[in-house]
Amino acid sequence: MTNKHMNRIACFGGVYSNYLALDVAIRDARRRGVDEILCLGDFGAFGPHPNRSLDLLRMHNITCIQGNYDHSIGNELDDCQCGYTDPRDNHFAQISYDYTLSGTSVEHRGWMRELPEQLRRKLGPLSVLMCHGSPRQVNEFLWESTTPTHFLDKLARDYQADVILSTHTGIRWQRELADRRRAVNVGVLGRPENDGQTNVWYTILSYSRDVELQVEFVPVEYDFRSLADEMDNEGLPKEFSETIRTGWWTTCLEILPAKERRRGRY
Amino acid sequence: MSVTCDSPSVELSSLDHLWFQVAGTLCNLTCHHCFIRCSPKNDSFGYLTLSEVRRRLEESVALGVKEYYFTGGEPFLNHDMAPILVETLRYGPATVLTNGTVLKDQWLQTLADAEAASLYSLEFRVSIDGFSPETNDPIRGAGTFDRAIRGVKRLVDFGFLPIITAARTWSDDDETAVVGQFVTMLKSTGYERPRLKILPTLHLGAEEERSHGYRDSERITAEMLAYYDMSQLICDHSRIVTDRGVYVCPILIESADARLGETIGQSMGSYPLRHGACYTCYQYGAICSNPSSAAVHDK
């Protein structure tokens, strides 16, 4: 693991082939003068034309780690290892996976196959551990409503991290831990957060002596209608483009805990 | 219950799920497939008190427990149940496995308020084993379908989204149709976005008499664990607190060898997969946890 020293970074995850939102987020983060932009994995799934997002990530030298989806695509596995239990969720996940696998170039597959699962950075004096699901498991769900603070405290101690960054679940949140440590789910760019809003999110983390760690969730407005139209034109399920147009999740619902599920429409 | 020697053992990788046998083996129903023969008269395991649960919750903090599950018997026969869940929601997410037939509005209001004030989710898992009285009641008892559905409606009225849990007492070929009928039935009662969890039957306890027990060949061998995702086994990440000590998993509490110690700390050792039920756990994986905590290790 490399260990660069910085004061301001941008992080996102779950691009899910939403190259239009990715393009906006990268430009926005650059404009804000961040030291580095990092992507915590899951480049494909759900959206159209997977190579377009990968082209952007690599063209802009975004630092990337490997999510479960990228491990699967990179190694050409049979499924995405998302951990769904509901047959309907698995049905839609498989459609998405097959589309993404066939649409990802051999060269991009090779690139994502070699990505690290975790990275560490120094943000000021703080040790920041970046992972996809959790520090201990790439596809572990850390939902806000099912992740106790004492569990996060233990992870932070075990992995010697002042800040743990993750994505995977698709909904951003943060929690202050013991000894001024912090856990942050940086959100995803690929689809909205099941709240009826069409924007997506990324996160800027800053360190200054005055306030120490500052976490800012940044909304990303993009041309969601064009993305949804492209998804329809590609023959992807209407359920997917409905989520992009409405901000409500229509699939992958069984993995949601009660609180997160109640906030949605379906 | 027959066991075998030289079974492969499972180390506790981390204590993610802490279970409580909060109503012991006491239940207002006597289901024909119950793997621990719970009934109104089976008091071989008794209730846990609020103070006992609180003591275990405190112990769980340093261990980094991620989720708390409450089962029985019927948990809501324990009159401390609502206060126990309220207390648990101060520590982390709570899930209670109920038959839905004895719920009271006063408890549900208390719990709805407690969940709203908590960071964490409260999940109700309601056992219903058929989509109609004709398919459910022969297993769970006369009138239980209607009573359980009233419980589901009551939970939905209080804003909960109960997970309907059904033991698979039908053939695999019928699975899609049965699940579809469950969904249709639940929507017709006003539960607009039903959540379902289908469980395999465990050939223990009453179910051993209803269908059959485990054959000697239905055991886990060391060879079977090569390349196997151990996180699918409950004993990889769980323990259960009872009024008679801490056991390896909720399924095996009637097996004397499954008692690991008096405290959680004493019960962190490995456990041999020597029981037939271990074979079902191996076959189906993650049979006791909620879908939101499902995850598979890297393949």
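Which residue is the bridge partner of Thr242(B) in strand 9 of chain B? The legends below answer this and describe other close-ups. The model is predicted: local features need pLDDT of at least 70, side-chain atom pairs count only at pLDDT 80 or more, and totals for chains, interfaces and linings use all residues. Residues are numbered from 1 along each chain as its sequence is written, while chains are lettered from A and ligands numbered from 1 in the order in which they are written.

**View 1. Strand 8 of chain B and its partners.** Helices (H or I, at least four residues) and strands (E, at least two) are DSSP runs, numbered from the N terminus; two strands pair if DSSP finds at least two bridges between them. Strand 8 (residues 238-242) of chain B is joined to strand 9 (residues 245-247) of chain B by three bridges, and the two run antiparallel. The bridge partner of Thr242(B) in strand 9 of chain B is Gly245(B). A hairpin of two residues links strand 8 of chain B to strand 9 of chain B. Strand 2 (residues 17-21) of chain B runs parallel to strand 8 of chain B, with four bridges between them. Here Phe20(B) stands opposite Val241(B).

**View 2. The two faces of strand 8 of chain B.** In a regular strand the side chains alternate between the two faces of the sheet. Ser238(B), Ile240(B) and Thr242(B) on one side, and Arg239(B) and Val241(B) on the other, are all buried (20 or more other C-beta atoms within 10 Å of the residue's own, with C-beta atoms placed from the backbone).

**View 3. Helix 7 and helix 8 of chain A.** Helix 7 (residues 224-233) of chain A packs against helix 8 (residues 238-246) of chain A at an angle of about 175°, with axes 9 Å apart. Axes are lines fitted to C-alpha atoms, for helices over the stretch in contact, and angles run from 0 to 180 degrees between N-to-C directions. The two helices are therefore roughly antiparallel (angles over 145 degrees). Residues in contact (C-beta atoms, placed from the backbone, within 7 Å) include Leu227(A) of helix 7 of chain A and Ile244(A) of helix 8 of chain A.

**View 4. Helix 4 and helix 5 of chain B.** The axes of helix 4 (residues 133-140) of chain B and helix 5 (residues 144-157) of chain B come within 8 Å and cross at roughly 105°, so the helices are roughly perpendicular (65 to 115 degrees). Among the residues making the contact are Pro133(B) and Phe145(B).

Key:
Parallel < 35°, antiparallel > 145°, perpendicular 65-115°, else oblique. Contact = placed C-beta atoms within 7 Å. Buried ≥ 20, exposed ≤ 12 C-beta atoms within 10 Å, placed from the backbone.
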